[in-house]
Amino acid sequence: MKSIVMFVLAVAMVHFMVKPGEAVQCGQVASSLASCMPYLEAAGQNPSTVCCDGVRNIKAITPTTADRQAACECVKSAAAKHPNINQDAASSLPGKCGVPLNIPISPYTNCAK
């Protein structure tokens with residue numbers, strides 16, 4: 001329980017510290033998606049509220065194309081380190097959270113597009 005509270009506080013801090021348009025850091029992206037790992041590794045369930053809050057945070061900190069490309073590179077790198085990510089779950093995550101996020105979660109994404 002303590003780790004969940006700490007994670008929520010970390011996401012909140014990132015959300016309030018980062019202004020839209022500032023350079024996106026991979027640590028921000030990773031902390032935003034950390035609570036999504038159970039969903040991403042075991043498709044079939046729904047993502048948690050904390051996970052969807054993280055997806056919303058990524059949407060908020062990536063208003064420009066350059067921000068989305070930077071976040072995409074972070075997600076691509078993180079996805080490559082987690083081979084158990086279910087690609088169907090990854091592609092459905094933004095929709096299940098109701099967040100139009102134009103950043104695919106895949107180690108094979110071309111972030112330049």
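Biologist: Which helix gives the most to the lining of the largest pocket?

Modeller: That's α5, with four residues. Helices here are DSSP runs (H or I, at least four residues), numbered from the N terminus. Bear in mind the model is predicted: local features need pLDDT of at least 70, side-chain atom pairs count only at pLDDT 80 or more, and totals for chains, interfaces and linings use all residues. Residues are numbered from 1 along each chain as its sequence is written, and side-chain values use heavy atoms, leaving out hydrogens and water.

Biologist: OK, and which residues lie nearest the pocket's centre?

Modeller: Ala 30, Leu 33, Met 37, Ala 78 and His 82, out of 13 lining residues. By class, the lining has twelve nonpolar, one polar and no charged residues.

Biologist: Switching topic, how many salt bridges does the whole structure have?

Modeller: One (a side-chain nitrogen of Lys or Arg within 4 Å of a carboxyl oxygen of Asp or Glu). Asp 53 and Arg 56 make that contact at 3.2 Å, N to O. Both sit in helix α4, three residues apart, about one turn of the helix.

Biologist: And where is confidence lowest, and where is it highest?

Modeller: Going by pLDDT (the predictor's confidence in each residue, from 0 to 100), the lowest is helix α1, residues 2-17, at a mean of 40, and the highest is α4, residues 49-61, at 96. Over residues 1-21 the pLDDT is below 50.

Biologist: What about the chain's mean pLDDT?

Modeller: It's 82, with 79% of residues reaching 70 or more.

Conventions. Helix = DSSP H or I, 4+ residues; strand = E, 2+ residues; numbered from the N terminus. Contact = heavy atoms within 4.5 Å. 1 Å grid on protein atoms, 1.4 Å probe; cavity = no way out; pocket = protein on both sides within 12 Å on 5 of 7 lines; lining within 4 Å. Nonpolar A, V, L, I, M, F, W, Y, C, P; charged D, E, K, R; others polar.
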